Amino acid sequence: MELSNEQLTLIDRTREVRVETFSTSGSVKTIIWIAVVDGTVYVRSVRGDEGHWYQRALANPLLAIHVGDQRIEFRAVHVSDPDEIVAVSNALRDKYPAGGSLDRMTRAGVLDNTLRLEPIESPDEEE
């Protein structure tokens, strides 16, 4: 499944989204930053490996992003390509204001916590 241009624009223009992650005890929604690079959606844990939502996404890579009035389902894929990680950092710098939060999101200690979000078809969309 691919996201529509409208969905990509909405994600790209929205400063904060809610990521819904799942575990055996249920789902949890957490407010996070999000970036779009060349039509692909990315997220990163500002707390690095310590981010609870990030830990849940690693344990169960199926998650959802709540943006505007939409809920979009994704599969989270760990990013290890250095060029892709740099592109995400640049997209974050272009989208968010300079300063403490952006500095924490683009520091060396969290770069390895970059996830690419690949859209999946939700059961509601199947015919």
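Select glutamate 20 together with the residues that it touches: leaving aside residues up to four places away in sequence, these are Ser27, Val28, Lys29, Leu63, Ala64, His66 and Arg71. Contact here means heavy atoms within 4.5 Å. The model is a predicted one, in which local features need pLDDT of at least 70 and side-chain atom pairs count only at pLDDT 80 or more, while totals for chains, interfaces and linings use all residues. Residues are numbered from 1 along each chain as its sequence is written, and side-chain values use heavy atoms, with hydrogens and water left out.

Remain at glutamate 20, which belongs to strand 1 (residues 17-23). Strands (E, at least two residues) and helices (H or I, at least four residues) are DSSP runs, numbered from the N terminus. Is glutamate 20 buried or exposed? Its relative accessibility is 8%, so glutamate 20 counts as buried. The terms are defined by relative accessible area: buried is under 20%, exposed is over 50%, and partly exposed lies in between (1.4 Å probe, protein chains only). Now display the side chains of glutamate 20 and serine 27, which are joined by a polar contact of 3.3 Å. A polar contact is a pair of N or O atoms within 3.5 Å; within protein, one must be able to donate a hydrogen and the other to accept it, and residues adjacent in sequence count only if both atoms are side-chain atoms.

Next, select aspartate 38, in the loop between strand 3 (35-37) and strand 4 (40-44). With a relative accessibility of 78%, aspartate 38 counts as exposed. Although aspartate 38 is not a glycine, its phi is positive, at about 50 degrees.

Then move to glycine 109, which is found in the loop between helix 4 (100-105) and strand 7 (114-119). Glycine 109 is exposed, its relative accessible area being 57%.

Finally, show the whole protein and trace the chain. How many helices and strands are there in the protein? There are four helices and seven strands. From the N terminus on, the elements run α-β-β-β-β-α-β-β-α-α-β. Along the principal axes, the C-alpha atoms fill a box of roughly 45 × 35 × 25 Å. Of the 127 residues, 43% count as buried.
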